[in-house]
Amino acid sequence: MTRVTKKRTINYKLAQTGSHALTLQAMLEKALLDKSSGFYLATNRRESLTEDGRSFRFINRFLHHNDEMLLCQIVQFEQGRSQMTIILDDTAEMFELNPIFSKDFGTKNSDKTEFLESMAYFGVMGNHLVVMGSQILKSKELERHLNWFLNELTNLFTGKALFLSDKPSEKALKQLAQSPAKSVSIGSDITYEQDLESINDDIANDASDTQKTITEAKSVRWTPAGLGANILECLKDNGYIGQFDFSETLDDANLQVSIEFKYNRKTTRSGQKVIDTLSTSLRHIDKDDVKINLKGGGEIKGDDLKLSHTISLAFLDEKVDESDLYFKMKDWLESKVIKQEVTPDLQDVIEEK
């Protein structure tokens, strides 16, 4: 068994459940841990993501130690999905590309095996979460799935919306207590990413002409990405700006887009109210894309707006060591209690255990 250690980022989220009698942890445990529940089997927990019923996401595994934190693994996959492979032949003028399907492995359960598209983890203690997301399964997707699971599937949270809000650092709270917010800026540089899907489509549609697919630079496309690009697209779609040529900014790489919300100088809104509003409304925006400007000068941004932490996580044969992840998530949560960086009710949860 091969054991390696990799760096991963975990983030704190607070589940807002209103006046519901049960915490998020209690609701999930009621559905997942009860063997008499109709949702104890993984096949009954799958959320369909597409009209053709081929793409799914769901809570797959769950781990529970000493009635403390509940650790859940959420996965996403598409039935019949293939992956491209490349044959590294040192004698070849160009490497051969081929699609491979899970059924090609010829194993005992190959007819039931699918390629996993994405996987993420979240730990729950009361209404407090620690999330280790992925490129596809971020906190926004987790929030949507939990709403579907609790509202539509299990009816444990019927007719209400669950929000996973952020928690700023104590430093940020003290800064706002000393100097009220003057404005909030949301935005980022225009960034570009390679359109990998277009390349895969080229390969799939023209597999017979591998040389053309690989050698023609025009098959590689770069598209604007990130919050800044989304803001510009919204303005464009609604007719507020003309046809904007993103290709010009690719050469200069100096375009930044932001929206600023200013507070009236006579406002009586408290710093805590500002924080509460931001923590919910901007919960799915990257921490580097939000900045609070203070009336007394200075600003709050980045790590001070959202609690996050980098851990060294063990992997066994490329699989997450879930016990290691469980205890590191739990230890980090408890450290936030000791430092008084989370709301008091988490202290109550820990003491009850």
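**Figure 1. E318 in the loop between β16 and β17.** E318 lies in the loop that joins β16 (308-316) to β17 (319-320). Helices (H or I, at least four residues) and strands (E, at least two) are DSSP runs, numbered from the N terminus. This is a predicted model, in which local features need pLDDT of at least 70 and side-chain atom pairs count only at pLDDT 80 or more, while totals for chains, interfaces and linings use all residues. Residues are numbered from 1 along each chain as its sequence is written, and side-chain values use heavy atoms, with hydrogens and water left out. Although E318 is not a glycine, its phi is positive, at about 70°. Most residues other than glycine have a negative phi. E318 is exposed, with a relative accessible area of 58%; buried means under 20% relative accessible area, exposed over 50%, and partly exposed in between (1.4 Å probe, protein chains only).

**Figure 2. N155 in the loop between α2 and β9.** The loop between α2 and β9 (163-165) contains N155. N155 is not a glycine, yet has a positive phi of about 55°.

**Figure 3. Helix α1 and its surroundings.** Seven of the nine residues of α1 are buried, so this helix is largely enclosed by the rest of the structure. The buried residues are L24, Q25, M27, L28, E29, A31 and L32. They pack against β1 (3-16), β3 (55-64), β4, β7, β8 and α2. For L28, contact (heavy atoms within 4.5 Å) is made with L33, I59, L70, F122, V124, L146, F149 and L150, leaving aside residues up to four places away in sequence.

**Figure 4. The largest nonpolar core.** A nonpolar core is a set of buried Ala, Val, Leu, Ile, Met, Phe, Trp, Tyr and Cys residues joined through side-chain atoms within 4.5 Å. The largest such core has 26 residues, and the members that touch the most others are L24, L28, F122, L129, L142, L146 and L150. Two or more residues of this core come from each of α1 (24-32), β4 (70-78), β7 (116-125), β8 (128-132) and α2 (139-153). Another core, of 21 residues, lies apart from it and includes L63, Y121, M329 and V337. In soluble globular proteins, nonpolar side chains tend to be buried together.

**Figure 5. The salt bridge between E68 and K330.** A salt bridge is a side-chain nitrogen of Lys or Arg within 4 Å of a carboxyl oxygen of Asp or Glu; the count by this rule is 14. In the bridge between E68 and K330, the closest N and O atoms are 3.4 Å apart. E68 lies in the loop between β3 and β4 and K330 in helix α9 (residues 322-338), so the pair ties together parts that are 262 residues apart in sequence. E68 is buried at 17% relative accessibility, and K330 is buried at 9%.

Figure 6. E78 and R81 are joined by a salt bridge (3.3 Å, N to O). E78 is partly exposed, with a relative accessible area of 29%, and R81 is partly exposed at 32%. D304 forms a salt bridge with K171 (3.6 Å, N to O). Because D304 lies in the loop between β15 (299-301) and β16 and K171 in helix α3 (residues 170-178), the pair ties together parts that are 133 residues apart in sequence. K171 is exposed, at a relative accessible area of 51%. Salt bridges with shared partners also join K13, D166 and K306 into one network.

**Figure 7. Aromatic pairs.** Rings of Phe, Tyr and Trp (its six-membered ring) pair if their centres lie within 6.5 Å; planes under 30 degrees apart count as stacked, over 60 as edge-to-face and the rest as tilted. The structure holds four such pairs. F39 and F149 form an edge-to-face pair, 6.5 Å centre to centre with 70° between the planes. F39 is in the loop between α1 and β2 (47-48) and F149 in helix α2, 110 residues apart, and both residues are buried. The ring centres of F56 and F77 are 5.6 Å apart and their planes stand at 35°, so this pair is tilted. F56 lies in strand β3 and F77 in strand β4, so the pair ties together parts that are 21 residues apart in sequence. F56 is buried at 9% relative accessibility and F77 is buried at 10%. One aromatic cluster is formed by F56, F58 and F77.

**Figure 8. Charges over aromatic rings.** A charge sits over a ring if NZ of Lys or CZ of Arg is within 6 Å of the ring centre and within 35 degrees of the ring normal. The charged end of R46 is over the ring of F56, 4.5 Å from its centre. K6 lies over the face of F315, at 4.7 Å from the ring centre.
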